[in-house]
Amino acid sequence: GTVGQAMNPNVLTVQEDLSVGEVMRIIKNSAELLHNDIYIIDNKQHLTGQVPVRQLLVSSTDLKMKKIMKMPTHSLSARASVKSIKTIPNWNNHDNYPVVDRQGIFLGVMDRAALNKAMNISNEDRTEPELSGTAIEVAEIFWDACANMIVPNQTLPNRDKKHE
């Protein structure tokens, strides 16, 4: 029932310092990862912008992606419920939504096909009362609270492995 479960993680991403010409060459070799937009990330994998593929076709090949990119109007949290997408204004007018984690790291896209499939499945499987949705929301709050208490790479007692 979450966006992260339904999203497509196989998406073409590029760095903002690449030129339009360089990105066009990348697209030729990665067509299976292409959606309607090219997603721009920084060196820490944070989403910094997106560029419609059609804009690449009319842009000068020496322009940097940073010059033509725009921030997405909406991005989705991987932990959000699929049904929460309906709260976004004009949610059904978009073909793709970028999906990010709590730190803004780009994870993939929720495309229209995945969204429709997830909404149909979630609507068909909703034979139980909304109590299950409440339980998921409580579990997400608990997970967030626990995640904030654990320091990355902290050695846990009685364990040889480090927290990842």
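**Close-up 1. The bridge partner of Ile 40 in the predicted model.** In strand E3, Gly 49 is the bridge partner of Ile 40. Strand E2 (residues 37-41) pairs with E3 in the antiparallel sense over five bridges; strands (E, at least two residues) and helices (H or I, at least four) are DSSP runs numbered from the N terminus, and two strands count as paired if DSSP finds at least two bridges between them. The open sheet has three strands in the order E1-E2-E3, with mixed pairing. Strand E1 (13-15) and strand E3 (47-52) are its edge strands, each pairing on one side only. On average, neighbouring strands of this sheet are turned by 35° against each other, direction ignored; axes are lines fitted to C-alpha atoms, for helices over the stretch in contact, with angles from 0 to 180 degrees between N-to-C directions. This is a predicted model in which local features need pLDDT of at least 70 and side-chain atom pairs count only at pLDDT 80 or more, while totals for chains, interfaces and linings use all residues. Residues are numbered from 1 along each chain as its sequence is written, and side-chain values use heavy atoms, with hydrogens and water left out.

**Close-up 2. The open sheet E4-E5-E6.** Three strands with mixed pairing form this open sheet in the order E4-E5-E6. Its edge strands, E4 (76-77) and E6 (106-111), each pair on one side only. E4 and strand E5 (residues 96-100) run parallel and are joined by two bridges. Within E5, Val 100 is the bridge partner of Ser 77.

**Close-up 3. The largest nonpolar core.** A nonpolar core is a set of buried Ala, Val, Leu, Ile, Met, Phe, Trp, Tyr and Cys residues joined through side-chain atoms within 4.5 Å. Among the 15 residues of the largest core, Leu 76, Val 82, Ile 85, Val 99 and Met 110 touch the most other members. Helix H1 (3-6), E5 and helix H5 (112-124) each supply at least two residues, and H5 gives the most, with four. A second, separate core of 13 residues includes Val 14, Val 20, Val 23 and Ile 40.

Close-up 4. Val 20, Gly 21, Val 23 and Ile 27 are the buried residues of helix H2 (residues 20-29); buried means under 20% relative accessible area, exposed over 50% and partly exposed in between (1.4 Å probe, protein chains only). Seen down the axis of H2, these buried residues fall within an arc of 160°, so they line one face of the helix; the arc is that of the directions from the helix axis to the C-beta atoms. Arg 25, Lys 28 and Asn 29 are exposed on the other side of H2.
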